[in-house]
Amino acid sequence: MTIEINDKQFEHAKLILSRIPKGIEKAMASAINRAAQSGRTAAVKKVRERYYIKASTIREPLKIERASPSSPMATLRAAGRVVPLSKFNVRPTAPTPGKPKTVVATVVKGQGGAIPRAFVARMPAGHVGVYRRKGRPRLPIVELYGPSVPQMVGNEEVMRTLEEKAQQTLDERMEHEITRLLEGKK
């Protein structure tokens with residue numbers, strides 16, 4: 001993802017903040033950090049429009065490496081493994097004693113359905129997940145997963161929304177930061 005301060009904005013800020021020591025660097029770093037935060041928020045919102053998943057599950061692996069006056073560049077990184085299927089829209093949500101119920105899962109809104117031979121179980125550590133047996137005997141079992149956060153955020157539509165929102169915020173915040181520095185606020 002690339003968000004840039006255009007040449008016109010940079011020259012404008014440089015001219016206005018020429019008398020403030022490190023003024024342009026401070027303004028740029030602050031505006032860039034705010035743009036990265038708003039981009040992350042837009043990405044979380046857009047992912048939630050497409051997938052049945054909590055915002056906190058998406059936001060947690062989205063890390064921002066903040067810009068500083070000496071390094072005016074922020075990085076938004078999505079890292080993480082595949083998300084357990086139980087974090088999406090799954091019915092039943094808890095283990096059912098007695099006769100097992102058919103597990104129905106929806107990861108992407110408008111898609112989904114019954115998962116053959118799947119069941120919901122609580123592990124000894126307390127984790128509730130959706131599982132399936134590997135073969136005929138009772139064990140071993142494997143947990144079922146949905147896509148990872150980097151896969152969901154990497155969607156073309158999500159990336160486009162993230163970049164647009166971050167660029168818009170950067171343009172707005174640059175003017176705000178210039179005004180703030182001129183008024184003598186730290």
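Guide: Keep in mind that this is a predicted model. Let us start with β4 and β5, which pair in the antiparallel sense over 3 bridges.

Visitor: What makes β4 and β5 a pair?

Guide: Pairing takes at least two bridges between two strands. β4 and β5 have 3 bridges, so by the rule of at least two they count as a pair.

Visitor: What lies between β5 and β6 in their hairpin?

Guide: There are 6 residues between the strands. In this hairpin, Gly 110 takes a positive phi near 90°.

Visitor: Which sheet do these strands form, and in what order?

Guide: They form an open sheet of 3 strands, in the order β4-β5-β6, with antiparallel pairing. The edge strands are β4 (89-91) and β6 (113-115), as each pairs on one side only. On average, neighbouring strands here are turned by 30° against each other, direction ignored.

Visitor: Why is Thr 106 called buried?

Guide: Buried means under 20% relative accessible area. Thr 106 has 15%, so it is buried. Its place is in strand β5 (residues 103-106).

Visitor: Which residues is Thr 106 in contact with, leaving aside its neighbours within four places in sequence?

Guide: Thr 106 is in contact with Tyr 52, Phe 88, Asn 89, Gln 111 and Gly 112.

Visitor: What is the order of the strands in the open sheet with β8?

Guide: The order is β7-β8-β9, an open sheet of 3 strands with antiparallel pairing. β7 (118-122) and β9 (141-143) each have a single partner strand, so one side of each has no neighbour in the sheet. Neighbouring strands of this sheet are turned by 45° against each other on average, direction ignored.

Visitor: What makes β8 and β9 a pair?

Guide: Again, the rule is at least two bridges. Strand β8 (residues 128-133) and β9 share 3 bridges, in the antiparallel sense. Within β9, Glu 143 is the bridge partner of Tyr 131.

Visitor: Why is α1 called roughly parallel to α5?

Guide: Helix α1 (residues 7-16) packs with α5 at an angle of about 5°, and their axes are 11 Å apart. Under 35 degrees counts as roughly parallel. That angle therefore makes α1 roughly parallel to α5.

Visitor: Which residues make the contact of α1 with α5?

Guide: From α1 come Gln 9, His 12, Ala 13 and Ile 16. From α5 come Leu 170, Asp 171, Met 174, Glu 175, Ile 178 and Leu 182. The contact of α1 with α5 divides into 6 nonpolar, 2 polar and 2 charged residues.

Definitions and conventions:
Residues are numbered from 1 along each chain as its sequence is written. This is a predicted model: local features need pLDDT of at least 70, side-chain atom pairs count only at pLDDT 80 or more; totals for chains, interfaces and linings use all residues. Side-chain values use heavy atoms; hydrogens and water are left out. Helices (H or I, at least four residues) and strands (E, at least two) are DSSP runs, numbered from the N terminus. Axes are lines fitted to C-alpha atoms, for helices over the stretch in contact, and angles run from 0 to 180 degrees between N-to-C directions. Buried means under 20% relative accessible area, exposed over 50%, partly exposed in between (1.4 Å probe, protein chains only). Contact means heavy atoms within 4.5 Å. Angles under 35 degrees count as roughly parallel, over 145 as roughly antiparallel, 65 to 115 as roughly perpendicular and the rest as oblique. Ala, Val, Leu, Ile, Met, Phe, Trp, Tyr, Cys and Pro count as nonpolar, Asp, Glu, Lys and Arg as charged, and the others, Gly among them, as polar.
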